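This report examines a protein chain and the pairing of its charged side chains. Please look over the sequence and the structure before reading on.

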Amino acid sequence: MPTQIIPPDTKIDFLGKARLAVTVSVLIILAGLASALIQGVRWGIDFAGGTEMQVRFEQKVEDTGAVRDAVESVGVAEPTVVRVTEGGREAFTINFASKAEEEEKQGQIADRIQAALAEQVGPVEVERVEFVGPKVGAELRRDGTQAMLISGVLILLYVGLRFNLQFAPGGVVALIHDVLVTASIWQLLGQTFDLQVLAALLAIIGYSINDTIVIFDRIREMISTHTTHDIVEVTNRAVNLTLSRTILTSLLTMLSVIALLAFAGPVVFPFTATMGIGIIVGCYSTVYIASPVMLLMERWRSQRDPKAGKAKPGGGKRAKAARAN
């Protein structure tokens, strides 16, 4: 017997709160957009181009500011210095933007930083140096955007073939919503957009559509067996019946994210934190965004072809209910 944390007779009016939910989502997206326009987007070196170094000192370094001052002393502007711990050993990652295309010039900058760190902080070992040129960063931004657009189109086709075109837009709108809201929250938190964040956004797309399809499947099943019922009532009932599954799946996934946040260290923090936000947003959009869009499509379909609604058992009543919603 499946685990039920929500009583099966629960009757929460999710669709009655859809307008409030959409308003909240729009406000978050607008706030994120305004922040990006006013403050700019913090692109990581993956997208903006630059250098990332990981260094380890022989002695314990308490002051991160001393490391930053040493890096700035060689003419590097606004470096990001983060203390990391790997295998019980402490190290520092240093990120900074660079317009130099040639790897040789970037290597010279890294050598000057190493010399400055050794002189001003103490004996240092450079464990890793990675360079990304501005052109490569621009290509990664373009490819990442294309990957998300192609994912959306393929999911639209899949949902359209799996169900019908009445359901497909709801799934795709929910995915776009999840990406925009998660990216907006990340922007409002002042975090950096890099390849890890992009990977998390693509993972969120896959996670969210899986949950949405489960609810759509239940809605389609109940519509076919409750032909004389109000479609809004049927949709609310389907969402309530799948609520336990939605919450349990999200909680179990969040346990993995929390474990990564607690034990994986700051190196993968952008991925795990973005995934955590995306899981919450995906759970919310499955309930409050995907199903209302499906009902809007039903209303539009009924207005374009009233005969189609009358031809189906209970179709006229469902269409009327959808128009009244």
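The model is predicted. Its protein chain contains 12 helices and four strands. Of its 325 residues, 43% count as buried. Among the contacts with a separation of 6 or more, 78% are made by residues 24 or more positions apart. The accessible surface comes to about 17100 Å², and carbon and sulfur atoms account for 61% of that area.

Side chains of opposite charge can pair when their charged atoms come close. A search of the whole structure finds five salt bridges, including those in the table.

| Salt bridge | N to O distance |
|---|---|
| Arg 56 and Glu 127 | 2.5 Å |
| Glu 90 and Arg 83 | 3.0 Å |
| Asp 217 and Arg 220 | 3.0 Å |

What does the pair of Arg 56 and Glu 127 tie together? Arg 56 lies in strand β1 and Glu 127 in strand β4, so the pair joins parts that are 71 residues apart in sequence. Arg 56 is buried, with a relative accessible area of 8%, whereas Glu 127 is partly exposed at 31%.

Asp 217 and Arg 220 both lie in helix α7, three residues apart, about one turn of the helix. Asp 217 is partly exposed at 28% relative accessibility, and Arg 220 is partly exposed at 33%.

Glu 90 and Arg 83 belong to a network of salt bridges that also links Lys 60.

Finally, Leu 295 has its place in helix α10, residues 269–304. Because its relative accessible area is 5%, under the 20% cut-off, Leu 295 counts as buried. The C-alpha atoms of Leu 295 and Gln 166 are separated by 8.3 Å, although these residues are 129 residues apart along the chain.

How values were computed:
Residues are numbered from 1 along each chain as its sequence is written. This is a predicted model: local features need pLDDT of at least 70, side-chain atom pairs count only at pLDDT 80 or more; totals for chains, interfaces and linings use all residues. Side-chain values use heavy atoms; hydrogens and water are left out. Helices (H or I, at least four residues) and strands (E, at least two) are DSSP runs, numbered from the N terminus. Buried means under 20% relative accessible area, exposed over 50%, partly exposed in between (1.4 Å probe, protein chains only). Contact means heavy atoms within 4.5 Å. Accessible areas come from the Shrake-Rupley method with a 1.4 Å probe; for residues, only the protein chains shown count as cover. A salt bridge is a side-chain nitrogen of Lys or Arg within 4 Å of a carboxyl oxygen of Asp or Glu.
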